Amino acid sequence: MEDRLSIPFIDLKSQYSRIDSRVKEGLDRVLAHGAYVMGPEIAELEKELAAFCGAQHALACSSGTDALLLALMAKNTGPGDAVLTTPFTFCATAEVIALLGATPVFVDIDPETFNIDPDSLKLAIQALRSADPDVYPLPSQAKAAGEPGKGPHAPSSMPHAHLIPKGLISVDLFGLPCDYEAINPILEEEGLWLLVDAAQSFGSSYKDVSPCTLGDTACTSFFPAKPLGCYGDGGMCFTNDTSLHQVLESLRVHGQGKNRYDNVRLGLNARMDTMQAAVLLAKMSIFPEEIELRNIVARTYNDFLQEAQDITVPSFFPDRQSAWAQYSVLARDQEHRQTVFDSLKENNVPWSVYYPLPLHLQDVFSYLGYSSGDFPVSEEMSKRIFSLPMHPYLKQSDQEKVARAVVEGSRR
Ligand SMILES: *Cc1c(COP(=O)(O)O)cnc(C)c1O
């Protein structure tokens, strides 16, 4: 199996070799001052990343999931609230909605971007307002009523009429920003808030601005495999709303008020540790360049894969730059994808599937009562999609080897 890893899927070692002295100096400083929790590097990082995105405020926290949870808590999300989102994402996006007792309402995606489809979003809101699942598939939680263990907060009352749409969690999947120029007017007209799940898109841009500035709040993740990763778990919330930022600060430390022993709301212990902030500060020195390199890698793949049969490569958009958290392509169908996987295996090339099962078909969300066929694009993509090795230090010769294995498999 060692040989299979000859081309790593992501390569954090090459990155570390560029910044090792800076990382060690940063960690040494933390060890010297000893403020392991909320040390000075936290505020320094928040200031630097807020400036990087053009956001007014940034709040460092313990993970991307906790960032989403904090943002939803700051919006007082709870039972009876419908929060719209995509079923074609990592489970954390919908998990946080359900954890607060609110209801995830899924909206299908655009097959070209893998991001939420604005026309479907309109329909889903209309369906919620009229409590009419004939307009667009809605959760039918009634099916789960009285079923123990199915969904921690599955309400026992009748479903549709009680769900009030509150906001949308958009996901910039694989690093590509959503179509915010289409999405934001829909939300404004409906009086809904926007939370941008930028866990994969930190470093991307939409019409020259960061998607982290395009919602009421935005959240990102510094999980090691994300475009900007730390050496453990970490996350961040961004907002231009000063009072919301103050609430987030309080929620991050047990709902703290004026001082440590004044508690004004229920909160979390969701702080980022100072060591991770030091690592991220070191990585920021090369991050913009890494985004450029990822874009070159993606373009090179697209060129090499022109020879492939019935493989759809990702689109480039003149008004957006992806952070290329993943480079994902589509096979013709599930069978075709399997022949490509066989070839990749024979050639010791690693691959991944994001995501093999859309969230509405996962056991954890079965209490919502969605069925197969409710979100046909997400379901089809999950059968055809796969991701190839992607990182800033991928050599052209390795890309050629990866692409050759895809081309060969696609033509069998
Ligand atoms: C990674 C990821 C998260 C969660 O981030 P963690 O830091 O792992 O908690 C949330 N949403 C999306 C889309 C992600 O890719």
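## Largest cavity

The largest cavity has a volume of about 130 Å³. Its lining is made up of 13 residues, and those closest to the centre are Phe114, Phe174, Leu176, Pro314 and Trp324. The model is a predicted one. Sorted by class, the lining of this cavity holds seven nonpolar residues, five polar residues and one charged residue.

The largest cavity lies between domain 1 (13-139 + 147-284) and domain 2 (286-410), because both domains give residues to its lining. In total, the model has three cavities of 30 Å³ or more.

## Second largest cavity

For the second largest cavity the volume is about 100 Å³. It is lined by 16 residues, and Leu12, Gln15, Arg294, His391 and Pro392 lie nearest its centre.

The lining of the second largest cavity consists of eight nonpolar, three polar and five charged residues. Domain 1 (13-139 + 147-284) and domain 2 (286-410) each provide at least three residues of it.

## Ligand surroundings

The ligand is surrounded by 15 residues, the closest being Gly64, Thr65, Asp197, Ser221 and Lys226. In Asp197, an N or O atom of the side chain is 2.8 Å from a nitrogen atom of the ligand. In Gln200, a side-chain N or O atom is 2.8 Å from an oxygen atom of the ligand. Ser221 has a polar side-chain atom 2.6 Å from a ligand oxygen atom.

On its own, the ligand has 380 Å² of accessible area, and the protein covers 92% of this.

## Largest pocket

The volume of the largest pocket is about 470 Å³. There are 27 residues in its lining, with Phe90, Gln200, Ser221, Phe223 and Lys226 closest to the centre. Ser221 and Lys226 are also among the residues closest to the ligand, and the side chain of Gln200 has an N or O atom 2.8 Å from a ligand oxygen atom.

Helix H3 (64-74) and helix H4 (92-99) are the elements that supply two or more residues to the lining of the largest pocket. H3 gives the most, with three residues. The classes in this lining are 15 nonpolar, nine polar and three charged residues. At least three lining residues come from each of domain 1 (13-139 + 147-284) and domain 2 (286-410).

## Second largest pocket

The second largest pocket contains about 160 Å³ of space. Its lining is formed by Phe52, Cys53, Gly203, Ser204, Ser205, Asp208, Val209, Ser210, Pro288, Ile291, Glu292 and Gln321. By class these divide into five nonpolar, five polar and two charged residues.

Helix H2 (40-53) and H9 each contribute at least two residues to the lining of the second largest pocket. H9 gives the most, with three residues. Domain 1 (13-139 + 147-284) and domain 2 (286-410) each supply at least three residues to the lining of the second largest pocket.

Technical notes
Residues are numbered from 1 along each chain as its sequence is written. This is a predicted model: local features need pLDDT of at least 70, side-chain atom pairs count only at pLDDT 80 or more; totals for chains, interfaces and linings use all residues. Side-chain values use heavy atoms; hydrogens and water are left out. On a 1 Å grid over the protein atoms alone, a cavity is a set of points where a 1.4 Å probe fits but cannot get out, and a pocket is an open set with protein on both sides within 12 Å along at least five of seven lines; lining residues have an atom within 4 Å of a point. Grid points are joined across faces, edges and corners, and a volume is the space filled by probe spheres set on the points. Ala, Val, Leu, Ile, Met, Phe, Trp, Tyr, Cys and Pro count as nonpolar, Asp, Glu, Lys and Arg as charged, and the others, Gly among them, as polar. Domain bounds come from an automatic or database domain assignment. A residue is near a molecule or strand if one of its heavy atoms lies within 4 Å of it. A polar contact is a pair of N or O atoms within 3.5 Å; within protein, one must be able to donate a hydrogen and the other to accept it, and residues adjacent in sequence count only if both atoms are side-chain atoms. Accessible areas come from the Shrake-Rupley method with a 1.4 Å probe; for residues, only the protein chains shown count as cover. Helices (H or I, at least four residues) and strands (E, at least two) are DSSP runs, numbered from the N terminus.
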